[in-house]
Structures are given as C-alpha cells and as structure tokens.
Amino acid sequence: MTGHRLAIVAACVLGALAAPIGHAADVTVQARTPEGAAAGDTVVVFEPLDAPAPAGHATAVIDQVNKRFVPHVTVIRVGTAVTFPNSDHIRHQVYSLSPAKVFTLKLYAGSPKMDVVFDQPGLVALGCNIHDTMVAFVLVVDTPFFAKTADGGSAMLALPEGRYRMRAWHEKMRAPPPPRELTVGAAPLAVPLTVDLDPATELVAPWP
Ligand SMILES: [Cu+2]
C-alpha cells in the first residue's frame with residue numbers, strides 16, 4: 001500500500017517536471033553602435049505578445065555615492081518601490097519633475113524616511129537639488145521582462161517561450177531602434193542590436 005502511494009507521488013513529481021510550464025530560454029542581447037563600439041547602459045524591454053505578463057513587482061535600490069547616483073540607469077516594473085540610500089557624508093535632495101513620477105525627498109543623509117513607488121510607465125529623470133551634476137534615469141515599464149546591458153554591451157535574461165516585442169533605449173541614442181518582434185523557443189537566443197549613439201549630445205532621448 002505504502003509502495004503504491006509512493007509510486008503515485010513519484011509519477012506526479014515526474015509529471016510536474018515534464019510539464020512545459022515556465023519553460024524559459026536564455027536570451028543574450030549584444031548592443032553595439034553602427035561603428036561597432038559596445039553600447040553599455042542600453043535598456044532592452046520585452047513585451048509578451050502571446051500571454052499576459054505574470055503579475056508581481058520587485059524592489060530596487062538607487063544609491064548615492066561620491067555625488068553620483070548608482071546605478072546611473074535603472075529599469076523597473078510599474079509598481080516597484082525604490083529605496084534611495086545616501087552613502088555620502090553630505091546630504092542630498094533627490095527629486096524628479098518627470099510626468100511619470102513627480103517627487104522630492106527631503107534633504108537627508110543615510111536612509112530616507114520612505115521608498116518611492118513608481119506607479120506609472122515612462123522615463124523618469126532624477127536629480128539632486130544641491131548638486132546639479134547628479135543625474136540618473138529610471139525606466140518604468142509594463143512588463144517583467146527587461147535588462148540593461150553591461151559595459152561590454154551585452155545583457156542576458158531568461159524569457160519564457162513565446163513571441164515578444166523588443167524595444168530599446170539609451171539616453172544618448174539619436175533615434176530609437178525600431179521595435180522588433182522575436183520568438184523565443186527552447187534554445188538559447190542571441191539578439192544583436194544596433195543603437196546609434198551621439199556621445200556628445202546634451203539631450204536625453206525619450207522613451208520610444
Ligand atoms: Cu546631492
């Protein structure tokens with residue numbers, strides 16, 4: 001009797017393992033300029049086209065170190081609460097005037113009193129009221145599938161099988177790369193991406 005029960009349990013476990021639920025493939029994006037230079041800090045976003053995106057959101061941290069925001073670019077899902085610790089020995093006053101999230105944190109050192117919840121999609125530019133050179137960006141997106149390229153221009157993420165629309169953003173891009181559809185299967189996928197950057201520009205590219 002006990003043996004029979006064990007066999008049933010084993011069959012259920014095997015069945016669960018064999019089911020295609022949550023099957024994901026590694027997708028590697030390699031972002032380069034038309035001249036072939038690595039395009040680090042490029043945000044890539046994948047909107048699922050076959051099924052609604054799974055619910056949920058995470059938390060994120062944007063630190064202030066040596067009068068700079070770290071990281072310089074953050075991509076988060078709508079609804080994410082961001083903490084803004086201050087690791088400097090001077091006080092900062094973090095603010096945004098971007099329509100997707102207008103806020104000001106009172107001048108503070110150490111830990112701020114509250115997190116900031118980014119509740120609308122869009123591009124948010126952060127500044128500090130005391131230090132004009134402090135600038136950072138938060139891209140708030142409506143999908144859990146996104147990544148940011150490292151200095152070498154590549155980013156990797158695991159995507160469930162299916163079709164996606166991929167969009168990309170870099171603060172210094174001349175024009176957004178056209179959105180592009182891609183299909184993720186069981187095998188790893190390499191996605192080359194060309195982003196035309198103007199390193200000298202003072203303008204911030206809009207989120208496409
Ligand atoms: Cu500051």
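Guide: Below we go through a sheet, a core, a hairpin and a loop residue. This is a predicted model, where local features need pLDDT of at least 70, side-chain atom pairs count only at pLDDT 80 or more, and totals for chains, interfaces and linings use all residues. Residues are numbered from 1 along each chain as its sequence is written.

Visitor: In what order do the three strands of the open sheet sit?

Guide: The order is β14-β1-β17, with mixed pairing. Strands here are DSSP runs (E, at least two residues), numbered from the N terminus, and two strands pair if DSSP finds at least two bridges between them.

Visitor: Which are the edge strands?

Guide: β14 (154-160) and β17 (189-194), each of which pairs on one side only. Neighbouring strands of this sheet are turned by 25° against each other on average, direction ignored; the axes are lines fitted to C-alpha atoms, and angles run from 0 to 180 degrees between N-to-C directions.

Visitor: Do β1 and β17 pair in the parallel or antiparallel sense?

Guide: Parallel, over six bridges, with β1 covering residues 24-32. V27 has L189 in β17 as its bridge partner.

Visitor: Switching topic: which residues have the most contacts inside the largest nonpolar core?

Guide: V44, V138 and L139, in a core of 37 residues. Such a core is a set of buried Ala, Val, Leu, Ile, Met, Phe, Trp, Tyr and Cys residues joined through C-beta atoms within 7 Å. A residue is buried if 20 or more other C-beta atoms, placed from the backbone, lie within 10 Å of its own.

Visitor: And which element gives the largest share of this core?

Guide: β12, with six residues. Leaving aside neighbours within four places in sequence, L139 is in contact (C-beta atoms, placed from the backbone, within 7 Å) with V43, V75, L123, W169 and W207.

Visitor: Why is β11 largely enclosed by the rest of the structure?

Guide: Because five of its seven residues are buried. β11 and β12 pair in the antiparallel sense over six bridges, and a hairpin joins them through six residues. G127 stands opposite V135 in β12.

Visitor: Last one: where does A39 lie?

Guide: In the loop between β1 and β2. A39 counts as buried because it has 23 C-beta neighbours inside 10 Å. Its C-alpha atom is separated by 8.6 Å from that of T194, 155 residues apart along the chain.

Methods:
Helix = DSSP H or I, 4+ residues; strand = E, 2+ residues; numbered from the N terminus. Buried ≥ 20, exposed ≤ 12 C-beta atoms within 10 Å, placed from the backbone. Contact = placed C-beta atoms within 7 Å.
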